[in-house]
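This report covers a helix pair, a strand and a loop residue. The structure comes first.

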Amino acid sequence: MNTNFITTHDPEYDKAFWDAMKFRPVSDAVLRKGKTPMGSSKLPDYASDKLSKALAKESMFRKMGTVIFNQGDHKFWAKDCDDTASWVHEGEAIPIYEGMDDFTQYSIGSHKLAAVIHMDEDFVYSPGYNLEKHMISHLAKAFSRAEEKAFITGNGTSEPVGILSADGGAKVGATATALTFDDVVSLYFSVKPEYRKNGKWLMNDETALALRKIKDADGNFIWNHNNDTILGKEVLISEFMPNPTDGNSPIAFGDFSYYTIVDRDHTSAKALREKFAMNNQIGYLGFEFLDGKLVRPEAVKVLAITE
């Protein structure tokens, strides 16, 4: 077999990868096509596509953000202006706006996210057990949870820049000493109309519970209990948003499509036997490389709680 032209897309690699995950004999020459410096092997292309779809379904930020794949360049361009249209009389010249100054260049990091999952050997070696399905499902859940935390609280050094980061995160739209109707409204209107159009609220359960009890001057709840919206905008819940206490920013509001997630490489995995052998299990170590940034900070604003 000529392995020079085998890629991670080919059936030969697919077979070698899943054989390696079960510690079966494999062709090193074939598996080498997907080897990484960490000793893991890239998922076969079709399995990688399935994982991407599972992440898109599982991850809150991947649903509402913008996801791109950038394996080579360490920078990407983001447009930072409003597109315009002009009324033109018949026969008049059409004004052309070059707009090159409106493109901002952002650096892309390559932060490594590792997840360890483990499965019983009896299941893995069972003829009816779908290892691919279960590995993708478990990795998607583990990665999406870790991603969500980083996309909210990440420091930008060892992980992506979160929306609550003081450097590169969302701007403060309103400040308050406690959660009130007026302060929530102030946060809403601190966001420009073009970002309010597709705006969403983001908070944790404790904040949501407090807001469910708040009423306006006429005794109407600010929270619409029929469809879980505030001022007509959907409320999203994340356990990684902070509580409404002094020094925290418990509520974010705006258009989260301006949070850009950059997948830097295909996910890879490595089977681990020794560490889990005493429990009759096999461990699987998965890696993904990615970055994330709010490319237009004014698109999302936060409510800051101060004394």
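## Helix packing

Angles under 35 degrees count as roughly parallel, over 145 as roughly antiparallel, 65 to 115 as roughly perpendicular and the rest as oblique. Helix α3 (residues 45-58) and helix α6 (residues 131-153) pack at about 45°, with axes 9 Å apart. The two helices α3 and α6 are therefore oblique to each other. Angles run from 0 to 180 degrees between N-to-C directions, and axes are lines fitted to C-alpha atoms, for helices over the stretch in contact.

Contact means heavy atoms within 4.5 Å. On the α3 side, the contact residues include Tyr46, Leu51 and Glu58. On the α6 side, they include Ile136, Phe143 and Glu147. The residues of this contact divide into 9 nonpolar, 1 polar and 5 charged. Ala, Val, Leu, Ile, Met, Phe, Trp, Tyr, Cys and Pro count as nonpolar, Asp, Glu, Lys and Arg as charged, and the others, Gly among them, as polar.

## Basis

The model is predicted: local features need pLDDT of at least 70, side-chain atom pairs count only at pLDDT 80 or more, and totals for chains, interfaces and linings use all residues. Residues are numbered from 1 along each chain as its sequence is written, and side-chain values use heavy atoms, leaving out hydrogens and water.

## Strand β5

Side chains alternate along β5 (residues 111-120). Asp120 stands opposite Gln281 in β14.

## Gly65

Gly65 lies in the loop between α4 (60-64) and β2 (66-69). Gly65 is buried, at 17% relative accessible area.

Definitions and conventions: Buried means under 20% relative accessible area, exposed over 50%, partly exposed in between (1.4 Å probe, protein chains only). Helices (H or I, at least four residues) and strands (E, at least two) are DSSP runs, numbered from the N terminus. Two strands pair if DSSP finds at least two bridges between them.
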